Amino acid sequence: MRSEINTRPKFMDAMLFVALVTLTAFAPRLLPAGSAGSTLTVRTTGGVVTVSLAKDAVHPVDGPLGQARLVVADGRAHLQNAPCPLKICEGMGPVGMAGEVIVCLPNRIAVRVDGKGEVDAVSR
């Protein structure tokens, strides 16, 4: 005797599918947004420097390839005139939310935005 298994979706299967798609679509809005940063930590081969995001300024940042400019404006910062060949660090755009980073690997420059709410993962 051969038994047949009904693999056709049922009404509750469709409802579960719709609920999962809806949750996936709205999940980014349900997560808490990051907070604005207050300072920048700039790491280079020459050391670590802290820069305020509250005051608009242009800071020269030296690396092994040469000098880049860290531009702080309106509570956000970006790298400008980087001497690296691909300019990926300039293409990363401005950062201003706690936890965001700009990294220029060829020139060994890392800029991190510090502030409240910068933890994006916890492991034990």
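Guide: The structure holds one salt bridge, the term being used for a side-chain nitrogen of Lys or Arg within 4 Å of a carboxyl oxygen of Asp or Glu. R112 and D114 form this salt bridge, with their closest N and O atoms 3.4 Å apart. This is a predicted model, in which local features need pLDDT of at least 70, side-chain atom pairs count only at pLDDT 80 or more, and totals for chains, interfaces and linings use all residues. Residues are numbered from 1 along each chain as its sequence is written, and side-chain values use heavy atoms, leaving out hydrogens and water. The predictor's confidence in each residue, pLDDT, runs from 0 to 100; its mean for the chain is 87, and 89% of the residues reach 70 or more.

The two partners differ in exposure. Here buried means under 20% relative accessible area, exposed over 50%, and partly exposed in between, using a 1.4 Å probe and protein chains only. R112 is partly exposed at 32%, whereas D114 is buried at 15%.

Strand β7 covers residues 109–114; strands (E, at least two residues) are DSSP runs, numbered from the N terminus. β7 pairs with β6 in the antiparallel sense over four bridges, and two strands count as paired if DSSP finds at least two bridges between them. A110 in β7 is the bridge partner of V103. Four residues lie between the strands of this hairpin, where R108 takes a positive phi near 55°.

Both strands belong to an open sheet of four, in the order β2-β1-β7-β6, with antiparallel pairing. β2 (47–52) and β6 (101–104) stand at the edges with a single partner strand each, so one side of each has no neighbour in the sheet. Further along the sheet, β1 (residues 39–44) pairs with β2 over six bridges, and V42 stands opposite V49 in β2.

C104 has a relative accessible area of 2%. The structure holds zero disulfides, a disulfide being a pair of cysteine sulfur atoms within 2.5 Å. For C104, the nearest cysteine sulfur is that of C89, 3.6 Å away.
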